[in-house]
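Subject: A structure for you to look at

Hello,

I am passing a structure on to you, and my notes on it follow below. Please open it and keep it beside you while you read.

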Amino acid sequence: MGMRWWRSWLIERPQSSVTNHSVTVVLPTGCVTVARTLDCLGAACPRPQLLTMKVMEQLHEGEVIELLSDNPATVETVPALMFAVGGTHMATVKDVDHWRVYMCKGLQVTPENKPSEGRV
Amino acid sequence: MNEESVLQAKRLFVDRARERNLRPAMTIVGLVALGSVAALSVDTRFVYLLVYAWFGVIYGLLLQYGRFCMASAVRDLFAVGVPRMAVGMLIAVALFSLTAATVQAAGFSTFAPHPLGWHVILGGLIFGFGMVFTGGCASGSLYKAGEGNVGSMLVVFAISFSQAIIVTAGGWVDALAPASWQVSAAAKDMPPELTATEGWFDLFTAGYIWDLKGTTVAETMGMEGTLAGAFIANALFSAILPALALLVLIYVFYFRRNYLRREKITTPSLGNHLDGLWAMITSSKSTALAGAGLGLFAGMQMWITGALREHYGIFNFGELLEAMGYQNGLSLQGTVFDPGYWYITTQEAQWGGWILNQLGVENLDNIFFGLDNGLPNPLLNAPGFMSIGIILGAAVMAHLRREFKWKLPSLETAVFALIGGTLMGIGARIGMGCNIGAFFATVTNGDLSGWVFLAGMVGGGWLGVKAFNTWLEWRSSRAGECDF
């Protein structure tokens, strides 16, 4: 049993993953449709940033990416990252032990996808 | 749900969370206080050690608050073109230099300039390369360990042991030292207990470092010990102007284009650029604020430690340890590592060295441990408690900000932490310090060798980012499109 547990995080624990989908999420500022979810739980910088940029490349203008991270430094750097890559940081939502960060490709944001600065 | 009820629910959630997280934070502070009382009840002279410990806690609070990490400063700039942390770090340098100048002017600075040579840039290069893989520099790994990041604890472990091993390594690695070092080291009048002509690090120290001279800008300009020397030569010329020049460079290369595009400015005037520069600077507020706070407290630590030394009539904690009856682990000069200010890597090397010594490794015949720093029991290692304090202080802040979480590394992260940490340890010994001891504490005290270390660290960071990206590409090409 104990050995199993060790194996699971040593060998089988996935580093990060991307899900392609189209789900609607309620943010404090309104509803958005998420095109990709990037799960970076457990990953440290710079991996989440590099993967976010990679996924952004595959998206079209206006599409939304959701990043799951439990690394505070990563979450905090997202607004600056969006500034650098020409995206829009829409919202950061704190769950019990991780954050969900919503970003949109491009500077154009549709009315219901209004960006909200700072943490929620 | 209407807007008000959402807000209400949010407030309730936040209140509950605060309640929940105040307890562990207070427990940590309580335990440190309890430990302090216990130490003082053994001997009141342990107050000297406790000053280190409590300042460590304060540094930890500030490091976590400002996310003070040189690794992210260098890496984010090159990997993703985000200058935020680099900007914060440079502002922190400028602010720190002012408090350092005040300390110098008041005459209680314990700073000693570092000798300048090729080793500084080489050490920085190795250190910078390693820290991209660990995800944190020396100070960053400590605060991240406090956030519950087990990977960062592995980094601290690797830094400790790689340093301890590198300063004692002998045999075939001695071939790395040129013959001239051998001659120069042999010419030094060394105590017979030491084997300074054996072991490459001893040859490096006695045969190379000791022949170099360190200096400050104030000394070069003949203004040492004056008010102008402290504020104009050491703070303005050595720290503030170089930091400003770098800020302008970062603005031009990393911030300007996006800023102008966002503000929809097509024909920018000088005023627009100044606005942009200001926007860049103010976007790194918390790091800059933490830097100012760190400067203030580092100055206070120098002052309090100086006052305690005067009170006990000592120059070094080793004398106090001897008076209290602890003779084990003192150096040949009866001293231990006791910088009196913010330092990180040397005490970590002592932890690793002490454990190896307990395991039967003979490592007191070298200059680093045997002559300079000693090898005290970790329970008596004052700067060591500063590092532990940093971890605990960061844990307190992380709990208060609801950011604490035990995070086990994946196998890949763990391997990176160990390899990167080992490289950082090697780089720190060759470059004579880490991002704090060799860069931050030097440039802010008028010692330009720190900028050379930074240049090396930036170069190493750039190479590290290239290597890391190549690794990610290789991984994703093997694992398929959707699994990185």
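How many helices and strands does chain A have? Chain A has three helices and five strands; helices (H or I, at least four residues) and strands (E, at least two) are DSSP runs, numbered from the N terminus.

Before the rest, a word on conventions. This is a predicted model, in which local features need pLDDT of at least 70 and side-chain atom pairs count only at pLDDT 80 or more, while totals for chains, interfaces and linings use all residues. Residues are numbered from 1 along each chain as its sequence is written, and chains are lettered from A and ligands numbered from 1 in the order in which they are written.

**Chain A**

Along the sequence, chain A reads α-β-β-α-β-α-β-β. Of its 120 residues, 45% count as buried (buried: 20 or more other C-beta atoms within 10 Å of the residue's own; exposed: 12 or fewer; partly exposed: in between; C-beta atoms are placed from the backbone). Two residues are in contact if their C-beta atoms, placed from the backbone, lie within 7 Å. Among contacts in chain A between residues at least 6 apart in sequence, 61% join residues at least 24 apart.

The five strands of chain A make an open sheet with mixed pairing, in the order E1-E2-E3-E5-E4; two strands pair if DSSP finds at least two bridges between them. Strand E1 (17-27) and strand E4 (87-94) of chain A are the edge strands, each pairing on one side only. From one strand to the next, the twist averages 30 degrees (axes are lines fitted to C-alpha atoms, for helices over the stretch in contact, and angles run from 0 to 180 degrees between N-to-C directions).

Strand E2 (residues 30-39) of chain A pairs with strand E3 (residues 64-69) of chain A in the parallel sense, over five bridges. Across that pairing, A:Leu38 has A:Leu67 as its bridge partner, and A:Arg36 has A:Ile65. With E5(A), strand E3(A) pairs in the antiparallel sense over six bridges, and there A:Ile65 stands opposite A:Met103.

Helix H3 (residues 72-85) of chain A lies across E3, E4 and E5 of chain A and runs at about 165 degrees to E4(A).

**Where the chains meet**

The contact takes 31 residues from chain B and 30 residues from chain A. On the side of chain B that touches chain A, the elements giving two or more residues are helix H3 (70-79), helix H11 (227-262), helix H18 (411-430) and helix H20 (449-479) of chain B. H3(B) gives the most, with four residues. By class, that side has eleven nonpolar, nine polar and eleven charged residues (Ala, Val, Leu, Ile, Met, Phe, Trp, Tyr, Cys and Pro count as nonpolar, Asp, Glu, Lys and Arg as charged, and the others, Gly among them, as polar).

**Helices of chain B**

H18(B) has 20 residues and reaches 29 Å from its first C-alpha to its last, close to the 28 Å expected at 1.5 Å a residue (the expected span is 1.5 Å times one less than the number of residues). H18(B) is mostly covered, with 14 of its 20 residues buried. B:Met432, which follows H18(B), has a positive phi near 60 degrees.

Helix H4 (residues 84-106) of chain B is largely enclosed by the rest of the structure, because 20 of its 23 residues are buried. Just after H4(B), B:Gly107 takes a positive phi of about 85 degrees.

Best wishes
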